[in-house]
Every structure is written in structure tokens, then in C-alpha cells.
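Work through the exercises below with the sequence and the model side by side, and try each task before reading its solution.

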Amino acid sequence: MSAKIIKNLDEIPTEIIETDLLIIGGGNAGCFAAYEAKTQNPSLRVTIMEKAHISRSGALAAGMDAINTYLREDKGETPEKLVKWSRAQMGGGPIREDLALSNAEILNETVDLLEEWGLPIVRDEGGQYKLRGRYDISIQGEQLKPIMAEKAMEAGAQVLNRVAATNLLIEGERCIGAMGFGVRDGKFYVIRAKATIVSTGGACGIYKSPVTDYSGSHHQTWMCPFNVGTGYAMGIRAGAEMTSLEQRWVAVRTKDFCGPVDTIAVGYGCLMINGKGERIMEERYAHVGGEKAPRFFRLNAPMNEWLEGRGPTYVDTRVLDPEEAKDLRTDLLNERPTFVLFLASLGIDITKEPVEIYGSDPYIVGGHTGSGYWVGIDRMTTVPGLFAAGEAAGGSPNKFVGGCGSEGRLATRGALGYLKKVSLPPADSAQVEQEKKRVFAPFLRGPEFDGINPVEMEERLQRLMDEYAGGVHQFYRMNEERLVQALKHIRKLQDQAELLYAGELHDLMSAHEVIDRLNVAEVLVHHLLFRKETRWPGWQTRMDYPEVDPKLDCFVESVRDPKTGEVKVFTRPYEQLIPGDRTKG
Amino acid sequence: MVLAEDPIPKVFSCVQCGRCSSGCPVAFESVHTPRKVIRFLQMGLLEEAGKSPFLWLCAMCQACTVRCPRRVEVAEIMLGLRRWGIERKWVRKDLWYYMVFKEMIEKRGKISELRLGLVAALHKIPLHPIEDAILFFKLWRRGKI
Amino acid sequence: MIPKVIPKVGIFIYDAGGRLSRAIDLAEVVQRLAKAKNVTRREVFNNLEAPDPISSIQEDLRAGRLNRILWVGRFPDARRRRIEGELTAAGLNPYLQEWCDLEEQGIGRGDFDRAVQAQKAIILIQMALARTRLLAPLMPLEIPAVDAALIIGGGVTGLHTAASLADLGKKVFLIEKESGVGGKVAALRRLYPLICDPHCGLEFALQKLEKSGRVEIHTLTRVKTLAGSPGNFSVRVEKQPRYVDEQKCIACGECITACPKEIQAGNTFPLAGDFSNRGQQVWNPNGLEKAIHQARPLAYPSTYVIERQHCPPECRECQKACPTRAVELEQTASELEFKAGAVLIATGWDPYPLTRVEEYGYGVYPNVVTNLEMEHISEEPPDLQEVGFIQCAGSRDERYLNYCSSVCCSITLKQVLHLKEKRPGVRCYIFYQDIRTSGFDEELYQRVKSLDQVIFIRGDPATVKPEENGRLRVRAEDTFSGKELDLHLDLLVLAGGMVPSEGSRELAHLLKLPQNSYGFFEAHLPCHPEESQRTGIRAGGACRGPMNVVHSIESGHRAAFDVLPFLSGTVRLEPTYPVLNLTKCDKCKRCMEECPYASFYFDGNGFPVPDLAKCRQCGNCVGSCPLFAVSLGHFTVQQVASQIQAIKSGFLGKEEPVVLAFLCKNDAYPAAKGAAESGLPIPPNVFFIKVPCAGSINNAFIADALGFGIDGVLIAGCQDDQCHYVKGNQLVKTRKENLAEKLQKMVIEPQRVRFESLEIRDSRRYVDLVTSYIAELKKMGPNPFKT
Amino acid sequence: MPPKVDREKCDGCKVEKEPLCEQVCPGDLMTLGEDKKAYCRMARDCWDCMSCVKICPKGAMETRIPYQIGYHGAKLIPLMGTNTITWTLIDINGKVERFHYINRGSLD
């Protein structure tokens, strides 16, 4: 298909599939959602729409070395405590404590399920899961994703691999499925479903990565670069309400190579030090809790050191003995194998030399921060029939692997409750035709078209976001005027998206990925503009409003009008369910 | 040519069907047929083979090689055996002329008829001076010398 | 999803006559197994005949205290079968029992330290235990099947085989491409050694199958497609029109008289090349016949056939003449479908086209003829003085046919005898390389030898030259006397060879049946002639290779015998067939490619599915899968992996190498077993796992072994081309090579993986092999993954 | 960082519908070239998750660190077992290190 050039829309076959529950995105949350659905009701038709191949798709493609949230009851951990901790990590929030609680309650179940499925989890002498940190447990998760995928398939979910979702099917107010195209077979897919769960992961590649200057390593990112926020974008285009996008996640990564630092620092107690050899957290952040400081402080710390002339910054791996160093790298092989290769390619012995660290580009990831869809306790978004789980669902941060999986199951439960009540309305062919036209437009323009190649636009967007909307090269700092400027450019790009062309189906996918990124970026900037304060330095550093504004102790929400395309930003109040000092975990 | 060093290995696939001989235009002038020569080789009677007069009758027409059901390269072997014979001085007397001829070419790259004549003459012991003189005269009359 | 059953394993160690306790401390072994997971009972007993333990085990089984049994030790086969029976009676699936013979692994062999032997024994038991935990109950499969056979080819083989199958009460569909049955044999005039008429044998077969009424004969018919699987093939055939209604035609001959069109008689006997007509004119005075004529080669069915291409336009004479309205000039080709449990191929042979052997001038000189033509000439020979026969004309000749057709010598002798009967005065020259009259055919040879004026000349002519008087000049060397002969012959007969009949290649392609380099249908191995590579499809007769009539018929029957299991109404399958884990399968089709029996097909979603009836359960698919998603019923990937994981590679200390051997159950395993039985010292460093075929070893197993620090992996399979499953050993070798290259990259000695061919009685060699390998590994140093 | 394909070893999975690396790549980056050998269609887009390296049945894939960020010669070679994985790590000074652990099933 990709070989021959299609000139005419009618040449493209349309595949219409009817199902009960559609799951967009077969990652962690998606697989769990499917499994839950089929176990609750085996007769249910469950369809997973997966852009890649389910066995190695999404953020877990390379594997995982730890499940960051597990409650050791024997250590007196409770869902409440986890939520408190999570709230404190967010500098006191606001977070959706109702969501976080419901999630925390089934967290252990989910993890135990994973072990039963064949995920090796390290146990300590007591036969309990071995902790490394307060909630982290070590796993040997090289096969984590394949295991999840197999279970979802065994359960009997229909998997559409290599089908990229492009838009939701909307019937009046309600979502009745989604549309997309086959990245391999080039067909146009219309999947009609009583209920739809969006679990497409977060948004990566909105900003320029600090490592992109090197050829062949544009995707040196922390988040999976193939998660481009399609889930958010589809919701935004459909007029769904988004929350807290301004909570941009930035991670501390090893320099030059986006390797994980938490594993090293949290898991193995190698502290962050600066060029002068001072322990950064103790020196600069004692007032907010030192090593225990809220996450955004930690994540922003290294970049601040650079900014204030105390770079370079390191994690001090010299405290490790060779045995630990080996264990450490074994863990890394599970999560980011090439980081181990990277160390080898520097030829350094980490027990003798510390590993350099640096900030990453900002991401929108609802599994880590609170950004994403605004959902009810049943995980239904503001669009009836559309549910969100994992990184896609906002409000409850620090979900990570276990939490996202659990939320997949919760979303399914919500969806099952919903789809009992509804039936499928007849298809609206006008909407389908219009979308088909939109989807294949870049492809029909063909490779010879005098227009814009998706990669060009992607890089343009990433640079402008980096410079105007507080990217890593600007040390995450921003101000009103720059954000307005960013918005101006994004609008221009959105106009010029008409000029995107694609020679192959893969390029067509890239084209839609960049279009999706534009939607997310636009709304994101609106959020950043609205929060005229600096509540989470690093994630959201307003040079023009450096202080916390108590009036903004609330959720910032946005809705984009599907007709006019103009974005309305408003707030929702924060409800504290778990009493006590919000900043104490 | 490989065979020159060792003509033997290739001959064992021969099944003695005799097609080489029956197809051979000259075999019947000879006491040996090509089949027999090959047989000698199979039996390790190298000298018999090497001395066989057939070798020098063979016209290299390849009829045998073409007809052989076992792909034995009969003609090639005959050629090889000739060289053998020469190396091992099995070559029969009346071949001296070719030798002289060969040596001359090797030495000078050309033939001097006079010298060839003389050497030839010397080979004939006892000498026949009168006949030679007459022959010489005739040749000179016709401008051959 | 299937409910999870918690395994409850009972380990029973049979210390036959204290043999085990002499070698190892059983008490310690049992005590070491105390902590083993999922084990509810562990006992040592030394009297098999005492009611215990069997009865108590039966109780435990019934009470659900046990659901898997691991027998350790050496059991007499008969006793073993009885135990299986007794426990099956107690409700235990036979596949939930595991047998772990410590002695065949070398326990109690050679004078090795008791403690070391005990440790090895424990590891062996733990390996078996790990496997036992993962055992699953299996049920044999029964597939309903058709009790009809399809026979392709109505020659002497096809007819006789059909008749015999009909006798057995099987329905037979027999299809023949010619207009009548009989094949080549019908074209012969005499059969040796009796010099009798072959038609009587054919007639006999025909009457037999007439009587049975269970044989459907379809002439002018060829196979178009074959679908389905053994026991349930469905075959589509195409039937060419004969323009005469077989039901109505009474073969009265009116039409023939009426027919205005005379044509050259076709192959009443087969002729090579384009000279058939000439052959007719010269040797067959009435070489003409009508466009409508009898079926041939044998006028059975006894109805006529019209060669439409010869009919004059608009001519309907035959139709007018026919008293029974049998002529139907509007007939067209039709398609039929048969359901058959098995397919027999008896497509026979064709004469080698002697026109290719240019030096003998066949087709150029009218009086150079083939031995088949001679069949008829010798029947009514013209006036002849000197006749030459050239044996191996084009045969045993690298330029043409490299094999011996095995019948030509006898045929020539037969023809000489026959000719001399009719024309005693004829002088015959027989040019030959060797006269091959094996068995009783020797008698023929002696009879001919006793005749005078028959000269055997050991030596073949090279060329044939014509003479003015129409005779042939042939020169040959009599290799005995070395004398040159110069002969003048009236007739030269070329004894040409046999080649697979026309259309064999197409058929082979259609049935996916392998052919040998000469195009004859392949038998599997000398030791397994019964195994064609396509289950339920067998070739018999001359399409398997040159053979005479007797052997053809026998071969046909043999073939029929081998496919009988698929003609019995049900196909029974052992439950150890391959199972694919579709959640892992990536549709890469490697299993499909590497299956020696082409038993995989695609399901609706493009997943490969094994056709269980075709499958021989060799497990080559298990080895082929890069995602190890294929397992055999009683040989699952997880079972093997668990066994490997149970091996403690360090149990002899880091320096002392440990070898894991994968032994093919056909040859290598018996060799190892034999080694133990003949008391050879088997070093404690080696553990073996029995596999269905070397080809069933997945590289992942080797990776596991190396990962767990095992120093060397020995793969023992059959000799090349001797693999019971055709090519398992080649497959595993190529996989191993591929892995070796990777190991090199990983800075691991590729010698740590080794393939060896073992023959079934190579016991001594097995021991030497293992011992030397261990020494070699010791030099190499420990596997870097060993801890 | 693109996986390097050993063109000698790669058999394009015998040019089946899709080679395994193409099937598994989360970024839809691996594909077959004219010569029926796999290649990475866009080097810059690879996340070096090594899924392709792990799945390649011919061991024809290798992940390399671009020279711009790491020195030449380091290698990381995974070998997949049924429930285990081993890694061989070779650094630029030729120092070899081994890692082996269970990636499926329980650890006791």
C-alpha cells in the first residue's frame, strides 16, 4: 500500500467494526482494562485499537525495573497514606483525592495479578515484596509488556494492531467509538462502540529534548516518544474538559542520554551533587524537606544548579560497591537497556566516577502529574461514553505502573456500568466521510506535494515550545508575553497543517501525530497562561509571577469549542478528603 | 594441464564399455584401443600405457570424450600420457625429430632449416652422405635452401 | 479461562533390589526433597509386587490427595504399562505420570563418589519434578474419516491395488488420464519369464473389481486440486469429454464403419519422440484407424471415444449410425469431486525419449527401434537376418539417464527368446556392459545363452551408420578380445530406460509430494519405506522407481497397506500434537516452513494451524519458533525450560564443567541408554533431556542452559539424511550455527554448543564423546554466566 | 538511536508479510528495503527499546550508541531464553560483563 501512491479517496477501503467496549491504546492501562472487561463479562465484545504492536507498545516497550507504588500492609501502609504522600509530592496539590483513593484501594490487587501472570517480583527474606524506597518494589520487568499483552489477548480481547486512532465518533453529546487508519493496511477504520476507554498514554515531543541536537537521537526522551498525546488531542477536538495540563512533568535524567535517575538515586541512595560536590537537596532544599522535598523540587534541582552556575550536576554513584553497581545496572537493563550500553560507551566505572545528570524536556503525563482528562469517580470524562485511564486521565498524580493498570480496571468497571444502559445508534456517515477525508488528506497530497513534511513541523513546534513555553533550554521558565507569542505561532502552524504531506503510511501517522501535538500544545499554553503564579517551580515556573497565589489553589480546566475552536479556561475547586497538613506525606 | 602431472585418478570411473574405441577413427590402426590404454592405467600399468603406440596415433578428435558415458576425458588423458612418456624417456625412437624440433623452438623461438637438417642428418647413424648430398642439391635447385 | 489446578505430586522411588541404595544414600535424597514445592508424598519402596504402594496411591488419587505421580527408578516395561493401567483405573490421566530412570542417566555406573552421585540424583529428580508439576492431562483425538481411497493411474499397479482394496470392502475411485485403463503394460505383448500375454493379468484384475462393484473408474480424467487432510481428503478432478455415453455404447462398431475420417492410430504402444507415425508405418501395417475408435490402451471401459480434433466440420455420421444414440458430440469437460481418506499414486512410467541419444540415430533411421516397439515386431517379425540389441541405451550414462532401469536386460532376453522362436535363423548381437538379471531372471539369461547365433558383445557401439541397402553399419569393440567388430544389421533395438510418466512433476507439485532427483516419487528412508512425507498420500509401482510388473503390483499393495489407517472410518491421533500459543505467535511462518510434513495451514486470521492428521509430532515446529510459542502435547516449552532451570550448574564446583545433552529419542537416546545398560562409566557431569527429534530443540533452550551457567550443550541427533523426521538434524545444525555466531559476538566460545550425530548403537561413542567434551570444556574454563 | 542490521545475517524473515522487527517496533520504524533486508526507516526516531534486537531470530540486530554521545566499540547483546534473558556488555576498553536473570515466572 505504502508503495503505490493513492490519488483518490474511494480507493481507500473503509472497515467498520462494531463492538461493546473500545479501548484506544493497548498499553498498561489498556491491557488491564481489556482483561478486566473480559473477566467481568466474557461475552462482552472488547476491541483494542493499538497504534503499534501490542506486545511491545507504549511506555513499557523496553521493560520496567520497578513498580513505584505498592502498599506494604505489614509496614502499616494504607491507601490514605499513599494519597497523602502523593498529595505532599505535589506540594500539597491540588489533587483529586477521590480518584487517588479509589485507585490506591485496588493497587495491590493489580500488582499481585501481575505476579500471578508471571512477572518476576523480587521478594525479601520475609517473603514480602522487596522495597526500595517507601512504595517502590523491584521487579524484573523486561517482559512486563508482553505479559500484559498476552493476558489481554488470552482473555479474548480483539486486538487491532497498527491502527492509529485519529478522532472520536461523536453522536450528539455522546462518544460512540473512534475512527482511525491502518498504519500497515492503509484502511480507514470506523469502530463503533457502546463505550470507549482512552488509554493512549501521555504526550511526549511537545518540547525539544535537550539531547536532540545529535543526529540519530531525536528521540532521546524520558517518555515513550511514540506517545504523542493523541488521546488528549482527540478529547480536546471533541470538546472534552481537560484538567491541570499546566502540571508539566519534567524528569531528572542522566546527561546526554535520557537515562533514569530515580532508579539510581531513590533505589540505590546515590544522592544528587553539584559541580562543587555539595549534596544539592540538603544544601538548597532543606526548607522544603531536603531529600524528602516534593518531587518537582527534586526534578528542577539540577537545572537550577546549572542556572546558578554550580553545574555540572551528578548522582553520586561512588557510594556503590561493585556488587550494588551490578545490581543497579541489572535494574537499568530492565527499564532502559541502552543506558547501560551508554555507560559502557563512555568506558566509566560508576563506582569511581559519578554519573552526570540533567533536566529533561517537559511532558504531559497524567500518570505522573495531574494533567489529563477531567474524569468522574467512574473515570467517565465530560463526554458521555468516553472513559479515560492511565496517563490519559487527569487529577490523580503518581499513579505510575501499578496505578495506571489499576485505573484501567476502574475505567472498565465504569464503562461496564455505563454500557448496560445504552445501545448503539446508527452510524453517521457524514461524520465518517469528513474524517476519512481529513485523515488521508496528507496522503492524497503525496510525496511530491510542495508543502510541509511532518518532521519539519514537529521540530518547529518543539523549538518554539522550548523557547517560548518554558522548555529545558530556558530552564523551564516562562512569562506572559512569551506564552502569547507561543500561542501565536501554534495558531500559524495549525493553519499550515493544511500543507502537511505524506509519502508513506508511516509519514501519514507522523503527520497526524504532529497535528495532535499542536492541539495539546495550544491548550497547554492556555493553561500555563491562566495559572498566574508559580506553584510547582520547574514544572511551571512563571518569571512574572514567582510566588504561589492562594487564590489559585484549585484545578485549572479547559474546554475547546469543537465549532469555533476557541479554548475556554476556568477553574474547579479542590476538595480535601483526607485531613491533615497537605504538604506532609 | 592437470593430467600431465597425474593422468590416473580420472580413469577409475571408466566402466570399459568400449564406446571410445568403437567410435575412434584411428583405434583400428593400433594394437591398443583407447579403452585398453585406460584399462592399463586402471591396473596401474603406467609404462604400458605410456609406451602405447596409440597415444601417438590419437588425433585428439574428442570423439571418445564426447561419447563416454562416465565423462572420462579420454583424449585429454592421451595427451597427458604423451607428456608423461616424453618426461620418462619412454618415447619411442622415431620421435626424435619432434624432440629436436621442440628443442629448437624452445631455444631460439624459430627454426633454422639448415641446422635442423644437420641435426637430423646426425641422428641418422650410419650417415648416408651421397643421398644427403643429392637431396641437398635437389633442394637447393628448387630454392628450398 | 481454565481453572488453575494446584499440582499435588507423589514421588515414588523404586529401589529395585537395592540397586539404587547401593549407589546413593536414598534417605538423604528423600530428606533433601522434603522442602520441594507441590510434593505431597515421597516414598522409597523396593518391592513392586507388594500391593502397596499402588493401592495406597490409588486411594490418594481418588481422595484427591495426589494428582500427579513421579516414578523414580528403573521399571520393567511390562510392569510400567500395568502401573499406568492401574492408576488410570483410579482416574489418573496417563499423561500425568512421569518416569525418571536414574540409572540410564548414569547413577550407579562407574566408580564415582557416592555423594556426587547422590547430588546428581537429586538434581535429576528435581528436573523430573519440575516437569511433573507442569504436566497436563491429555486425551487422544479421534477424527471421523472417509473409508474410500483415490487411486491415480489405471495401470497394472492401480488396477490390482484397486481390486485388493475393494476386496477389503473399501470404496475406490480410480482415475486414468487415457481413454482406457491398462497403462503401459497393456501395450506390452509378452511378459517374462513366461513369455505370456500381460492382458490376461489385467483382465483378471478388471474382473475382480467389476465383481466387487466398489470401484469407480474414471478415464480421461486428471486431478485438479487436493484439499482436506488425511482421512478426509477432497479431490477435484477434471474429466475430458469422450463424446460417447459410456452407459449407452454397446461397442457394436457401426460408428466406426460410418466414420469417414481416417487418422493415424495413436499410441497403441508408446513411442518416444515425434516418430510414432513412422513407427506405425514401418512396423504396424494397419497403422490407420477412424476418428472414433475403442478406448485405449485397453478397451475398458468397453466403449468408444472420439478424437474430436480430427472430425470434419459438421460431420455427424457416427451419431446417425449409432443404434443406441450413444454418441454425444456436444459433451464438454466436467469436474467431479471425490471424498477420500487416502490417495494412492500409481502413475507409472514413460520410456526415455531415445531421440536424445543422437549417436544411435533413433528416429533418423527407420530400422532403429526401441525395445517397446520391438514388443510388437517380435510378435510378427518381418524377414530379418541380423538384429542388434544395445543395452543401457542412454542408461547408466551421465549424459542421459544416470541410473539402471533394472528391467531392460530381462526384456531384451525375453525379446530375443521370442524372436528366435519365430525366426530361429536370426543372428542376434547383444551389446552390453553388464547383464543384470538378478534373482530368477538369471534363468532367462541362461536360456538365451544356450541358443546359438546369439552373440553377447561386452562393449557398446559408439555410432550407427546407414548403408545404401538400408541396413545399418555398427562398429563396436569386443572388450574381451579387444577385437574390433564391424557389423551390418537389419534391425537395431535400443534398450531404453524408464522415466517417471508425463505429468508426474505437476502431480507432485499439486500433492506437495517430494520427488527424487530423477523425478520419481520419494520414499522416505530405506528403513522407513512406509513413510511418505505426506501423510495419507503414498506412491506405489513404477512411479517410485524402475521396477518390473511383479514388483510394481507388490509396491502398490504395500502403499495401500500403509494408508489403510486412513481408510478405516476414524483417524486416531496421539494427544501429543503441537499446540500454538496464539497470544505469542507473530505469524512469522517459520513453523510452516520447517515442518517436514507440510502440515501447517493458515486459519482465518493468518495464524498457522497444524493439520493434526498430517502431523507426525516430530516437534520441529517447537524448535523453529523464534517466540517459542509452539509446544507439543507432552513436550511443552515450559516443561523443558523448567527442567533446564532445575539443573544446578555449580553442583560440582565452579571449575568442574556440567554438560546438558539433548538426545533425539530415535537414535541418540537409545545409544545413551545402551551405554548405561552395558555398564559404561557415565560421568556425573552430564544430564540429558530426551527430545522427540533434534529439530525440536529451540535455541531458547540452549540460551536458558548457558544462562544458568551450564558449561556445554550437546545436541545429539541422527546422521545426515537419516533423520527419522527427514531433516530435523539439518535444521538444528543451521540454528546452532546461527547461535554460535551470536555466541562469538558475546565473547563466549561457540564450542559450548555442539552437535553430534549418533547412531543407535553408538553407546561407547556416546560415553567417549561426553568424556572428551567435558575435558575440552574444562580446558575452556567455566561458562562466564556460571555463578 | 537506530539498530544496526547485519545485512549478511538478516533474511528479512524470509520476506514474510512483515519481518518480526517490523511487527514489533513500537515506533513503526523497521521495514524491508528493496533488497528484502530490514532497515530502520528513520534513525532519529528510534527510542532504542531494543525490542527488535531481542526478537530477531537471526541475531542480526545491534543497538549502537551514536558517536556524538558515546565512544565507538561498546556492545550490548541480549540473548533470549524461554523465561530468562542474558545480557553481554562489552565496554570500549573491551571489558566484558554478563547479566542473567529470569524475566518470567516466579523467582523462588
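**Exercise 1: contacts between chains**

Among the four pairs of chains that touch, chains A and D have the most contacts, two residues being in contact if their C-beta atoms, placed from the backbone, lie within 7 Å. This is a predicted model, in which local features need pLDDT of at least 70 and side-chain atom pairs count only at pLDDT 80 or more, while totals for chains, interfaces and linings use all residues. Residues are numbered from 1 along each chain as its sequence is written, and chains are lettered from A and ligands numbered from 1 in the order in which they are written.

Task: describe the side of chain A that touches chain D, and state how far apart the closest C-alpha atoms lie for chains A and B and for chains B and D.

Solution. Begin with the residues: the contact takes 41 residues from chain A and 41 residues from chain D. Finally, no contact joins chain A and chain B, whose closest C-alpha atoms lie 52 Å apart, and none joins chain B and chain D, for which the corresponding separation is 36 Å.

**Exercise 2: a helix pair in chain C**

Task: characterise the packing of helix α6 (residues 156-167) of chain C against helix α16 (residues 549-563) of chain C.

Solution. Start with the geometry: the two helices pack at an angle of about 45°, with their axes 8 Å apart; axes are lines fitted to C-alpha atoms, for helices over the stretch in contact, and angles run from 0 to 180 degrees between N-to-C directions. That angle makes α6(C) oblique to α16(C), since angles under 35 degrees count as roughly parallel, over 145 as roughly antiparallel, 65 to 115 as roughly perpendicular and the rest as oblique. Then list the residues: α6(C) contributes Val156(C), Thr157(C), His160(C), Thr161(C), Ser164(C) and Leu165(C), and α16(C) contributes Val549(C), Ser552(C), Ile553(C), Gly556(C), His557(C) and Ala560(C). Sorted by class, the residues of this contact are five nonpolar, seven polar and no charged.

**Exercise 3: the sheet of chain C**

Task: give the strand order of the open sheet of four strands in chain C, and identify its edges.

Solution. The order is β2-β1-β3-β4 (chain C), with parallel pairing, two strands being paired if DSSP finds at least two bridges between them. β2 (39-45) and β4 (97-100) of chain C stand at the edges, each with a single partner strand, so one side of each is left without a neighbour in the sheet. Neighbouring strands are turned by 15° against each other on average, direction ignored. Strand β1 (residues 9-14) of chain C pairs with strand β3 (residues 68-73) of chain C over six bridges, and the bridge partner of Phe12(C) in β3(C) is Trp71(C). Helix α5 (residues 114-133) of chain C lies across β1, β3 and β4 of chain C, running at about 165° to β4(C).

Note on methods:
Ala, Val, Leu, Ile, Met, Phe, Trp, Tyr, Cys and Pro count as nonpolar, Asp, Glu, Lys and Arg as charged, and the others, Gly among them, as polar.
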